[in-house]
Amino acid sequence: MAQAQDLRQAITSVGGRPGPVLSAYMSVNADIPENQRRAYLVRLRDAMNDEGVPEGLQQRVREYTEDETHPGARTLAIFADEDGLFEIYRLQVDVPESFRWGDPYVAPLTLVLDEYEPYGAAVLDAERFRYFVVSPLSTAHGEEEMKANGFLEVDVHPSEPYPRGGGSTDLDPAGRKHQSNIHSFYKELGELAREITFREGVRRLIIAGPRERTAEFRRTLPNELHDRVVAEEHIDLGAPEGELLDRLEAVRERAEHEREKELLDEIRESGVRGLDETVAALQEENRVYHLAALWELEAEIRWCDNDQLAIREITSEECPFCGRKTRVRSLTDVLVDLATARGARLDFMLGENENTDTLRDEFGGVAGLTRF
Ligand SMILES: [Zn+2]
């Protein structure tokens, strides 16, 4: 998992800077209405002014982001300072927007790393076998080429030529020989898929291609991969590549939606819900290991900087633990910090759909899965 290693290195190296550092997580997801006409550029400019980022640095950041007409990501993570630090990461996940000038703020990157489950897509027909990985960070390595939607194609070289004219069911000796060739060919593809899946850290696998091919491939797939298959999609590989990748992205989103739904079902069975109960279980009882929160949480909560704790009594200007002054922060920011500190996964759910309805109406916007 080269990508995850890069991200970990970035966290360590940026997190160790003395500051002040600009840490910006800017939502550039074109599907979010607030980002139409690149309105995020205005938000970035205003936020950098509010935070007091030095003018020279502001200008560098603005020039870079204004040149990016199609960022090819959902979130841009930007780290810059006046000592030459200038790093930009393209994240294929939605991270709550925040802009800070001061100590480096890497908690959201840590979360991305914990939260994100890389998807793989094995795409095949009679002629070809291709393997794509969607990773949280879109940085292409060496020979690999970054495609649309954050898909990266992995180089694969089956050792045997592809068997021609497959699908024949006649039982003359030539036909039987041909069937056995196909079988061993698919077996080899299965081994290849396994090797890449493990190497790339893929936990969720999509299989795509014409029905008879995907069926055969799935039958010969090594056992360890069966559990990882989350979708089988029947597509014609003759379509233009952009269309193919859009289809794969749609399948991936459906599978993610399904995963989120399962998380909410589990929380309903054995979890905590609502701001008060969830924060208590997370920070005081330390028994939440997976959080679900609405992307648009309007709530605020008090916070003690000295203890790094949320104060659930909203009127407490003094911290009940250490007696120092508390401040009011956005609940989203506090959840990010607490989840990072407690090692809990945090899934933000956005848009108008069945999952966000459940989370809002039934769980009060935030909920968590508990260990005990
Ligand atoms: Zn305190």
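1. Let's start with the lining of the largest cavity: seven of its residues are nonpolar, none are polar and two are charged. (Ala, Val, Leu, Ile, Met, Phe, Trp, Tyr, Cys and Pro count as nonpolar, Asp, Glu, Lys and Arg as charged, and the others, Gly among them, as polar.)

2. Keep in mind that this is a predicted model, where local features need pLDDT of at least 70 and side-chain atom pairs pLDDT 80 or more, while totals for chains, interfaces and linings use all residues. Residues are numbered from 1 along each chain as its sequence is written, and side-chain values use heavy atoms, with hydrogens and water left out.

3. So who lines that cavity? Val-93, Asp-94, Val-95, Pro-96, Pro-108, Leu-111, Val-112, Glu-115 and Phe-348 do. Helix 4 (residues 107-115) gives the largest share, four residues. (A helix is a DSSP run of H or I, at least four residues, numbered from the N terminus.)

4. The largest cavity holds about 60 Å³ of space. (On a 1 Å grid over the protein atoms alone, a cavity is a set of points where a 1.4 Å probe fits but cannot get out, and lining residues have an atom within 4 Å of a point; a volume is the space filled by probe spheres set on points joined across faces, edges and corners.)

5. Now look at helix 8 (residues 241-270) and helix 11 (residues 354-362): they pack at about 25°, with axes 9 Å apart. That makes helix 8 roughly parallel to helix 11. (Axes are lines fitted to C-alpha atoms over the stretch in contact, angles run from 0 to 180 degrees between N-to-C directions, and those under 35 degrees count as roughly parallel.)

Terms used:
1 Å grid on protein atoms, 1.4 Å probe; cavity = no way out; pocket = protein on both sides within 12 Å on 5 of 7 lines; lining within 4 Å. Helix = DSSP H or I, 4+ residues; strand = E, 2+ residues; numbered from the N terminus. Parallel < 35°, antiparallel > 145°, perpendicular 65-115°, else oblique.
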